[in-house]
Amino acid sequence: MFPELNNLLSTTPDRPEQGKLTLLCDAKTDGSFLVHHFLSFYLKANCKVCFVALVQSFSHYNIVGQKLGVSLTAARERGQLVFLEGLKSSADILFHAQDQEPHPLQFLREASAGNLQSLYEFVQATLNPVDSGETAWKYPVLLVDNLSVLLSLGVGPVAVLDFMQYCRATVCCELKGNIVALVHDNSDAEDEESNILLNGLSHQSHLILRAEGLATGFCKDVHGQLSILWRRSSQPTAQRDRSLTYQYKIQDKNVSFFAKGMSSAVL
Amino acid sequence: MLDSLLAVGGLVLLRDSVEWEGRSLLKALVKKAALRGEQVHVLGCEVSEEEFREGLGADANSRLLYHDLFRDPLSWSEPGTAVPGGPLGALRAMCRKTGPSPATVALDSLSWLLFHIPCVTLCQALHALSQQSVHPGDNSPVEKVCVLGLLHEELLGPGPMGALSTLAHTEVTLSGKTGRTSASILYRRPQQRAAQQTWWFSVLPDFSLDLHEQLPLPSELRPGPHTTQVDPTTHLTFNLHLSKKEREARDSLTLPFQFSSEKQQALLHPVLGQKTGRIFYEPDAFDDVDPEDPDDDLDI
């Protein structure tokens with residue numbers, strides 16, 4: 001996790017907020033550093049994490065996690081992390097015989113655009129507290145990287161929104177946990193489905209982190225701009241949709257944030 | 001503002017966006033209707049019942065009937081226990097549930113319903129819902145049910161938007177500037193001219209409205225405007241003033257391209273047949289006009 005980002009969001013692993021949906025979106029840049037941040041953040045906060053990783057392999061996240069101070073292998077072994085590796089599982093479901101129980105990625109087998117019910121049931125089974133005397137984790141967290149891949153795999157945006165609604169009902173409202181999901185923003189590509197998904201999720205989110213490339217192009221010292229928007233606070237007027245914008249530079253083990261135009265390379 | 005929205009029945013559209021959310025205004029309207037003694041039915045699709053009821057107060061909550069389509073709308077968790085007929089069945093059931101007393105129906109949100117019900121079917125159901133007379137078969141004047149629909153603008157195409165606008169009697173569009181929210185209300189009552197009103201407001205924690213005057217202009221927001229006129233010619237290192245003599249001399253100058261009357265006449269009335277041009281020489285004040293021919297002493 002990046003300490004500077006924690007300061008900007010006013011959170012610490014000791015006392016994080018609960019029952020929130022955080023939406024990560026990236027436009028013209030790669031926002032996966034935010035996924036790594038939240039993964040290490042919630043593992044350090046002693047939460048049970050269900051990570052639906054559809055984009056990269058387990059070893060990729062593990063290597064980056066080690067740079068940030070968490071070991072995904074150890075977390076998986078002690079039961080804190082449940083990792084659904086989309087790349088491996090999809091090969092299983094397409095090329096091996098079908099098991100009796102439905103696979104989380106069952107929708108890949110269906111000819112028409114299906115729904116994500118089996119994926120939801122996997123998440124629910126993973127995060128529901130089991131009374132078997134194991135270590136009590138603080139609260140459950142669902143992390144999805146990323147939802148735009150589901151659109152590319154043929155699932156409709158309404159089906160993805162339904163899946164996210166069911167996850168919210170279970171994880172956020174019932175279990176008082178958090179959800180973090182990454183969505184790509186292709187607003188200049190006129191992708192209607194992607195826009196529906198992004199806007200639909202934005203309306204449901206409590207916190208939107210948006211990583212954008214600089215409008216002026218690629219830069220060596222400033223990798224992009226991060227906009228933070230707080231929505232749907234419990235008191236309607238206390239913090240009326242605060243928003244902040246910062247620029248950032250990604251380093252080997254850290255990301256440094258600074259106000260616009262205040263990069264140390266420029267000053 | 002809330003009373004005017006709840007006064008006439010029919011469909012009231014609340015159009016919000018990601019930046020200017022409308023659920024707090026919807027809750028304010030629901031609370032107002034409940035405190036007026038009406039029965040309020042809420043079809044909740046996007047937030048949980050606890051979250052919707054939060055902040056409304058015990059009085060309002062006792063008159064609020066929440067139909068939950070958030071937890072399990074598609075019957076995934078326990079097949080058979082959810083509302084029969086799915087979202088459309090739930091909406092049609094609302095049409096039958098409103099009792100004899102005046103009622104308000106809040107739909108949170110219409111965008112969700114549009115994703116799950118075809119637009120035409122939804123419009124028909126909304127029409128049936130809003131046209132419902134409160135006293136069927138009675139001789140008393142028919143009071144329409146007031147249907148409040150929350151709509152997310154970015155999720156709506158122009159087709160469904162136009163269809164819902166036609167159905168609606170009142171459209172409230174939320175926007176704002178510099179942290180203040182504004183509601184632009186379009187009243188479209190039958191047999192009356194359309195009227196438009198804009199209100200600047202904020203929703204207080206107990207979901208009552210705080211109306212503001214017209215938003216102050218940005219210049220007024222800045223403290224201490226400099227109204228004293230500063231004379232720019234006071235502390236200069238060079239002289240910008242003219243003495244009387246200098247002023248007279250300046251006024252009596254002839255300008256370089258000022259025409260003499262002879263030249264002006266020649267230009268205004270050109271002589272036809274004149275092939276070559278004519279030269280007009282106007283000697284300046286400094287010219288030394290010598291009538292003698294300077295070439296006189298040449299021995300050619």
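In chain A of this predicted model, residues 24 or more positions apart account for 68% of the contacts with a separation of 6 or more, a contact being a case of heavy atoms within 4.5 Å. Chain A contains nine helices and nine strands, where helices (H or I, at least four residues) and strands (E, at least two) are DSSP runs numbered from the N terminus. The radius of gyration of chain A, taken over C-alpha atoms, is 18 Å, close to the 18 Å given for 267 residues by the globule rule, so the chain is as compact as a globular protein of that length; the rule itself is 2.2 Å times the number of residues to the power 0.38. Of the 267 residues of chain A, 54% count as buried, that is, under 20% relative accessible area with a 1.4 Å probe and protein chains only.

In chain B, the axes of helix H7 (residues 119-130) and helix H8 (residues 158-167) come within 11 Å and cross at roughly 10 degrees, the axes being lines fitted to C-alpha atoms over the stretch in contact and the angles running from 0 to 180 degrees between N-to-C directions. This makes H7(B) roughly parallel to H8(B), a description used for angles under 35 degrees. B:Cys119, B:Cys123, B:Leu126 and B:His127 of H7(B) meet B:Pro160, B:Ala163, B:Leu164 and B:Leu167 of H8(B).

Residues are numbered from 1 along each chain as its sequence is written, and chains are lettered from A and ligands numbered from 1 in the order in which they are written. Local features need pLDDT of at least 70, side-chain atom pairs count only at pLDDT 80 or more, and totals for chains, interfaces and linings use all residues, while side-chain values use heavy atoms, with hydrogens and water left out.

Terms used. Angles under 35 degrees count as roughly parallel, over 145 as roughly antiparallel, 65 to 115 as roughly perpendicular and the rest as oblique. Buried means under 20% relative accessible area, exposed over 50%, partly exposed in between (1.4 Å probe, protein chains only).
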